[in-house]
Amino acid sequence: MFIVEETIGVEAAQIPKQRGEQLLDSAVRYAEDRHWDVFPGTWLEAVDGAERCSCGAPACEAPGAHAARPDWASQATGSAVVARRLWGKQPKASILLPAGRTFDALDVPESAGFLALARMERMDLMLGPVTCTPDRRMMFFVLPGGAAKALDLVRKLGWAPSSIDLVARGEGHYVAAPPTRIGGQGAVQWARRPTQANRWLPDAEELISPLAYACGREAAAGRARRS
């Protein structure tokens, strides 16, 4: 059984609130310690006793955890000083990390992700940070450029990319970082937190086989349930 590890600056047991100081400290730490670019996204607001996204859209797909402006890519910064200033202006803003710069991400269903993690550990593969999102997705951080070749790697393994739920996130994409909360679903957490040991990220080619295999198994199980 896997247990989600402690989020940077957040108690792992439960996250009842998304406190501004936690977000600010985490954003600064990502920029300062990991040299990741960060930018503030939307946030959650209490409206008529419910939490709503600051964007105001009643059917927001990622309440409190998406880009607040179309030019988000130019807003992203790797400076801890600038990050502190940005979250100082809006302490409740979500922490978003642009992909395609210091990392890409391989996005898979949570059940497939944990299956792949078990296999990777048996294979003694080097792992980078891995996040779990409240909507039951997992993001495996890999070297930049991994997203561009992920689908070809899947094909070479004999899988049709359209038949498995594996999404490659590179330039033009971003991911939400802990302790960002997504609506009332909960917070993004680390399944494998950033440490000194995983500062150097794996290449997508090193992880694609266990990830594709796990996603393929999940897809097959889904088809079997529907038949």
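The dialogue below goes from the whole chain to single residues.

Q: What kind of model is this, and how are residues numbered?

A: This is a predicted model, in which local features need pLDDT of at least 70 and side-chain atom pairs count only at pLDDT 80 or more, while totals for chains, interfaces and linings use all residues. Residues are numbered from 1 along each chain as its sequence is written, and side-chain values use heavy atoms, with hydrogens and water left out.

Q: How many helices and strands does the protein have?

A: Helices (H or I, at least four residues) and strands (E, at least two) are DSSP runs, numbered from the N terminus. Here there are six helices and twelve strands.

Q: What does the radius of gyration say about the protein?

A: The radius is taken over C-alpha atoms, and the globule rule is 2.2 Å times the number of residues to the power 0.38. For 227 residues the rule gives a value near 17 Å, and the protein has 17 Å, so the two agree. The C-alpha trace spans about 50 × 40 × 35 Å along its principal axes.

Q: How is burial read, and what share of the residues is buried?

A: A residue is buried under 20% relative accessible area, exposed over 50% and partly exposed in between (1.4 Å probe, protein chains only). In this protein 51% of the 227 residues count as buried. As for the surface, areas come from the Shrake-Rupley method with a 1.4 Å probe, and for residues only the protein chains shown count as cover. The protein exposes about 11200 Å², of which carbon and sulfur atoms supply 51%.

Q: What share of the contacts joins residues 24 or more positions apart?

A: Contact means heavy atoms within 4.5 Å. Among contacts with a separation of 6 or more, residues 24 or more positions apart account for 80%.

Q: How far apart are the mean positions of the positive and negative charges?

A: Lys and Arg count as positive and Asp and Glu as negative, with His and the chain ends not counted. Each charge is placed at NZ of Lys, CZ of Arg, CG of Asp or CD of Glu. The mean positions of the 27 positive and 26 negative charges are 2 Å apart.

Q: How can the span of helix H4 be checked?

A: The expected span of a helix is 1.5 Å times one less than its number of residues. H4 (residues 110-122) has 13 residues and should span 18 Å; its end C-alpha atoms are 19 Å apart, which agrees. H6 (204-226) passes the check as well: its 23 residues should span 33 Å, and its ends are 31 Å apart.

Q: What covers the buried residues of H4 and H6?

A: The buried residues of H4 include Phe114, Leu117 and Met120, and their cover includes strands S5 (104-109), S6 (130-132) and S7 (137-142), along with S12 and H6. In H6, the buried residues include Leu207, Ile208, Leu211 and Cys215. The cover of H6 includes S5, H4, S7 and helix H5 (146-156).

Q: Is glutamate 110 buried or exposed, and what is in contact with it?

A: Glutamate 110 is in helix H4 and counts as buried because its relative accessibility is 15%. Leaving aside neighbours within four places in sequence, glutamate 110 is in contact with Cys132, Thr133, Arg136, Arg137 and Met138. Of these, cysteine 132 is in strand S6 and is buried, with a relative accessible area of 5%.

Q: Where is tryptophan 200, and is it buried or exposed?

A: Tryptophan 200 is in the loop between strand S12 (189-192) and helix H6. At 69% relative accessibility, tryptophan 200 counts as exposed.

Q: Which backbone angles deserve a look?

A: Most residues other than glycine have a negative phi, and most peptide bonds are trans. Histidine 35 has a positive phi, near 60°, and sits in the loop between helix H1 (20-34) and strand S1 (39-40). Arginine 136 has a positive phi near 65° and lies in the loop between S6 and S7. Histidine 35 counts as exposed at 52% relative accessibility, and arginine 136 counts as exposed at 55%. Aspartate 124, which follows H4, has a positive phi near 60°.

Q: Where is the cis peptide bond, and what is its omega?

A: The bond from proline 178 to proline 179 is cis, with omega near 5°. Proline 179 is in the loop between strand S9 (174-176) and strand S10 (181-182).
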